[in-house]
Amino acid sequence: MSDSPLSLHAQIDWDEQGRPHSRQYDDVYFSREDGIDETVHVFIEQNRLRQRFAELPPHACLVIGETGFGTGMNFFCAWQLFDELAHADARLHFVSVEKYPLTRDDLARAMQLWPQFAAYTGPLLEQYVAIHPGFQQFSLDGGRVTLTLMIGDALEQLPQLDARIDAWFLDGFAPAKNPDMWTPELFAQLARLSHAGTTLGTFTTTGWVRRSLVEAGFTMKKVPGLGKKWEVMHGHYSAEPAALPAPWYARPAAPPGPREALVIGAGLAGSATAASLAARGWQVSVLERHDGPAQEASGNPQGVLYLKLSAHGTALSQMILAGFGYTRRWLQRLQRGQAWDDCGVLQLAFDDKEAERQAKLAAAFDSSLLQVLDRDQAQAVAGVALPAGGLFYPEGGWVHPPALCQAQLGHPRIRLLSHANVLELRKADGLWQAWDGERLLASAPLVVLAGAAEVRNFPACAGLPLKRIRGQITRLPATEASRALQTVVCAEGYVAPPRGDEHTLGASFDFHSQDTTPTLAEHKGNLALLDEISTDLAERLAVGKLAVEQLQGRAAFRCTSPDYLPIVGPVADTETFNEAYAVLARDARQVPDIACPWLEGLYVNSGHGSRGLITAPLSGELIAAWVSGEPLPVARAVAEACHPNRFALRRLIRGK
């Protein structure tokens with residue numbers, strides 16, 4: 001792990017009893033004598049969580065917000081109690097901010113101190129990979145518990161959070177050691193995220209902390225403490241709730257009626273959406289026009305977890321970083337070697353411009369995410385001779401997309417209807433009906449369109465600027481010599497280590513052809529891409545001896561948007577939208593107080609381009625969060641950048 005100034009992780013010393021001490025803050029993570037008892041007294045009792053967990057109705061979700069995740073002890077205490085007391089169909093969503101997350105080894109070491117939490121620490125540790133800056137979401141206990149970690153400075157992360165917090169754990173190192181965590185600015189963010197029923201517990205009774213919380217809108221009271229702490233504080237939010245976002249980005253009300261949903265399309269986006277809804281108690285019917293899932297772009301034998309990032313923290317870059325972590329944690333549940341492999345991804349610095357871009361990324365991100373390798377280092381990692389060094393992503397790799405789709409569709413609340421070609425949606429008696437000509441396929445109050453560019457066949461999405469780009473992959477039989485390839489290598493194309501007995505090589509870009517029959521010309525083009533990646537590997541694959549006309553492959557369509565961000569969220573009625581917000585054409589700064597004309601219960605998840613493995617699973621969580629009113633799994637600005645309404649808004653403002 002890098003100890004550079006950019007190092008992301010906590011620097012920890014361990015005392016003779018094996019307890020962690022932060023070098024960054026020169027403070028302990030929890031009380032040496034009675035850490036768990038203190039957590040229970042300060043956070044569980046002061047927020048009345050025993051009673052609140054026990055009273056949670058089915059499908060309700062209690063949201064806890066925390067400042068300072070640390071070793072996760074508060075989270076494990078809350079989860080254990082929730083598990084004991086809450087209804088089996090209730091949910092817990094725990095949102096916590098952490099500037100310096102522990103490394104996996106340090107977290108595992110801290111967890112050994114609490115054998116009584118083994119049922120909770122183990123599942124988190126299993127998923128504790130790809131912990132990088134920004135929002136990182138974990139799905140635990142079959143989706144009954146969600147943990148959203150915001151990695152970074154609290155005052156940078158909390159303003160990006162879209163959530164309604166029910167109970168605050170105001171934690172973090174002591175005010176004297178970490179004053180940045182106890183400021184009026186931070187308390188203003190707690191207030192923004194609170195509502196009339198929000199409670200708060202904290203171990204500190206420092207006068208200026210109490211006064212600042214009161215100024216922010218909390219009614220605070222000192223109560224007897226525990227052990228060495230004479231007093232602690234609890235309180236509740238008693239001021240006016242914060243203003244809502246602009247109406248065209250506000251949350252629609254959840255559709256009334258039974259918790260039943262239709263998802264149209266069983267590729268990566270549809271499968272992920274179905275899994276996220278099912279985890280929240282929805283009965284989901286997935287309608288797929290083919291005879292099974294992952295038949296189109298999601299059906300390739302190997303897809304690459306490739307992070308095309310920007311050093312400038314753009315919305316797309318934030319989405320990719322959050323999505324990469326979420327997908328990697330999903331993959332931990334699947335069989336390595338058959339369904340996926342974290343063999344790493346090497347992006348060659350094939351020209352000066354690319355080398356310059358890679359150097360900027362290396363300066364912006366921690367070495368646990370990416371590392372610049374010279375040519376010798378790159379060849380050692382790849383196992384074959386290469387024309388250049390490049391940027392190595394050690395946590396990347398390849399995925400067999402059909403395996404991911406099958407796993408996500410395996411939830412007991414999901415039924416897959418194959419040969420179900422939805423040609424029309426009609427609304428009747430509050431339900432969306434999916435019709436194939438004269439045949440009614442299914443109906444539900446909620447429908448999510450996840451059929452790539454085909455979503456435009458439905459009038460509500462006809463205006464979405466989606467384009468199809470044909471891509472062809474080539475399947476190459478592995479040889480004894482080609483098995484030396486240890487990692488995915490990318491330049492203009494990519495080649496992966498073998499899955500079973502073949503390598504995947506690709507992929508072409510064709511903006512014009514609408515045919516899915518593989519062509520000889522594109523196989524030849526892919527072989528030329530291979531030559532640019534590694535002539536050594538091309539020789540190991542005996543490419544010169546291959547009969548090109550006998551090569552196997554498959555072609556499918558990527559579906560992409562003009563800004564390369566996916567299109568994820570609720571759908572509005574275009575005509576009424578244009579009338580309601582016509583004033584924006586004259587003055588883009590206006591925010592008319594007019595509710596957005598949502599098409600109630602209609603959502604879309606599309607436009608993932610060649611990044612579907614990274615953005616589609618998290619987009620399923622984003623849809624589920626929109627629908628259920630839960631904390632969004634990405635920064636508010638990222639959700640807005642992915643929102644379907646962004647295009648209608650831009651057209652209005654530009655007067656088109």
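1. Residues 116–236 of this predicted model have end C-alpha atoms that lie 31 Å apart. The span is 27% helix and 29% strand. The UniProt record, an unreviewed entry, places the feature "domain: MnmC-like methyltransferase" at these residues.

2. The next points concern the packing of helices. Two packed helices are described by the angle between their axes and the distance between the axes. Helix α5 covers residues 118–127, and its partners here are α3 and α4.

3. Helix α3 is made of residues 73–85. The axes of α3 and α5 come within 9 Å and cross at roughly 120 degrees. An angle between 115 and 145 degrees is neither roughly perpendicular nor roughly antiparallel, and α3 and α5 are therefore oblique to each other. Their crossing is right-handed.

4. Which residues in α3 and α5 meet? On the α3 side they are Phe76, Trp79, Gln80 and Asp83. On the α5 side they are Tyr120, Thr121, Pro123 and Leu124. By class, this contact has five nonpolar residues, two polar residues and one charged residue.

5. Helix α4, residues 104–111, also packs with α5. The angle is about 175 degrees and the axes are 11 Å apart. Angles over 145 degrees count as roughly antiparallel, which makes α4 roughly antiparallel to α5.

6. From α4, the residues that make this contact are Arg104, Leu107, Ala108 and Met111. From α5, they are Thr121, Leu124, Leu125 and Glu126. The classes are five nonpolar, one polar and two charged residues. Thr121 and Leu124 of α5 are listed in the contact with α3 and also in the contact with α4.

7. The structure holds 15 aromatic pairs. One of them is formed by phenylalanine 76 and tryptophan 114. A pair of aromatic rings is described by the distance of the centres and the angle of the planes.

8. Where do the two partners lie? Phenylalanine 76 is in helix α3, and tryptophan 114 is in the loop between α4 and α5. The pair therefore ties together parts that are 38 residues apart in sequence. Phe76 is also one of the α3 residues that meet α5.

Key. Residues numbered from 1 in each chain as written. Predicted model: local features only at pLDDT ≥ 70, side-chain atom pairs only at ≥ 80, totals over all residues. Heavy atoms only, no water. Axes fitted to C-alpha atoms, helices over the stretch in contact; angles between N-to-C directions. Helix = DSSP H or I, 4+ residues; strand = E, 2+ residues; numbered from the N terminus. Parallel < 35°, antiparallel > 145°, perpendicular 65-115°, else oblique. Left-handed = near helix turned anticlockwise from the far one by under 90°. Contact = heavy atoms within 4.5 Å. Nonpolar A, V, L, I, M, F, W, Y, C, P; charged D, E, K, R; others polar. UniProt positions renumbered as here; feature names shortened; annotations may be inferred. Phe/Tyr/Trp six-rings, centres within 6.5 Å; stacked < 30°, edge-to-face > 60°.
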